[in-house]
Amino acid sequence: NNNNNNNNNNNKQSPYHRLLTDEKIAQLNSIDFVWSIYEYSWNVRYHELKAYVSQHGNALVPSDYPANESLGQWVLSQRRNYKRSASGGYKQYKYKENTTTLSKERIAKLNDIGFVWDVHEAQWFERLE
């Protein structure tokens, strides 16, 4: 289960993990315990985006997408965070997982499903065709 892998990584980031035995951590992982709400939320939106791509054939979710306004706003945030990552980003704080930059792993996941980083450029190329 992919969530388990994410959870295993996230429990080590939690300041509370040192209070739990390895056995307790394994038990919590076995029930898909959410160690990080930020990681969980990102993955929920990512899977919604994958469904959107399957349905619409592209990752150009409108920011005011009526069927899922949260997804439209999330896509905007990913583009903004990508630009910050590319320019060196802002300082990331130790306990804040909802940082203003995107990890290389997240960028790769989004690239794998055809995420459009620059909408204006994509629209320009579309008009050429």
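The legends below describe several close-up views of a predicted model.

Local features are reported where pLDDT is at least 70 and side-chain atom pairs at pLDDT 80 or more, while totals for chains, interfaces and linings use all residues. Residues are numbered from 1 along each chain as its sequence is written, and side-chain values use heavy atoms, with hydrogens and water left out.

**View 1. Helix α3 and the glycine that follows.** Helices here are DSSP runs of H or I with at least four residues, numbered from the N terminus. Helix α3 covers residues 37-56, and its 20 residues should span 28 Å at 1.5 Å a residue, in agreement with the 28 Å between its end C-alpha atoms; the expected span is 1.5 Å times one less than the number of residues. The buried residues of α3 are Glu39, Trp42, Asn43, Tyr46, Leu49, Tyr52 and Val53, where buried means under 20% relative accessible area, exposed over 50%, and partly exposed in between (1.4 Å probe, protein chains only). Just after α3, Gly57 adopts a positive phi of about 80 degrees. Gly57 belongs to the loop between α3 and α4 and is exposed, with a relative accessible area of 65%. The C-alpha atoms of Gly57 and Gly114 are separated by 9.4 Å, although these residues are 57 residues apart along the chain.

View 2. A pair of aromatic rings is described by the distance of the centres and the angle of the planes. Rings of Phe, Tyr and Trp (its six-membered ring) are paired when their centres lie within 6.5 Å, and are called stacked if the planes are under 30 degrees apart, edge-to-face if over 60, and tilted for the rest. By this rule the model has six aromatic pairs. One of these is the stacked pair of Trp42 and Tyr46, at 5.4 Å centre to centre and with 10 degrees between the planes. Both residues lie in helix α3, four residues apart, or about one turn of the helix, and both Trp42 and Tyr46 are buried. Trp42, Tyr46 and Trp74 form one aromatic cluster. Lys109 lies over the face of Tyr46, at 4.5 Å from the ring centre (the criterion being NZ of Lys or CZ of Arg within 6 Å of the ring centre and within 35 degrees of the ring normal).

View 3. Tyr82 is found in helix α4 and is partly exposed, with a relative accessible area of 27%. Which residues is Tyr82 in contact with, leaving aside its neighbours within four places in sequence? They are Leu102, Ile107 and Trp117, contact meaning heavy atoms within 4.5 Å. The C-alpha atoms of Tyr82 and Leu102 are separated by 5.7 Å, with the two residues 20 residues apart along the chain. Trp117, for its part, is buried, with a relative accessible area of 15%.

View 4. In one of them, the side chains of Glu39 and Arg106 meet at 2.8 Å, N to O. Because Glu39 lies in helix α3 and Arg106 in helix α5, the pair ties together parts that are 67 residues apart in sequence; Glu39 and Arg106 are both buried. The side chains of Glu48 and Arg45 also meet in a salt bridge, at 2.9 Å, N to O. Glu48 and Arg45 are three residues apart in helix α3, and are thus separated by about one helical turn. Glu48 is partly exposed, with a relative accessible area of 24%, and Arg45 is likewise partly exposed, at 22%.

**View 5. The largest nonpolar core.** A nonpolar core is a set of buried Ala, Val, Leu, Ile, Met, Phe, Trp, Tyr and Cys residues joined through side-chain atoms within 4.5 Å. The largest such core has 17 residues, of which Leu49, Val61, Leu71, Trp74, Val75, Leu110 and Phe115 touch the most other members. Helices α3, α4 and α5 are the elements that give two or more residues to this core, and α3 gives the most, with five residues. When neighbours within four places in sequence are left aside, Val75 is in contact with Leu49, Val61 and Phe115.

Definitions and conventions:
Salt bridge = Lys/Arg side-chain N within 4 Å of Asp/Glu carboxyl O.
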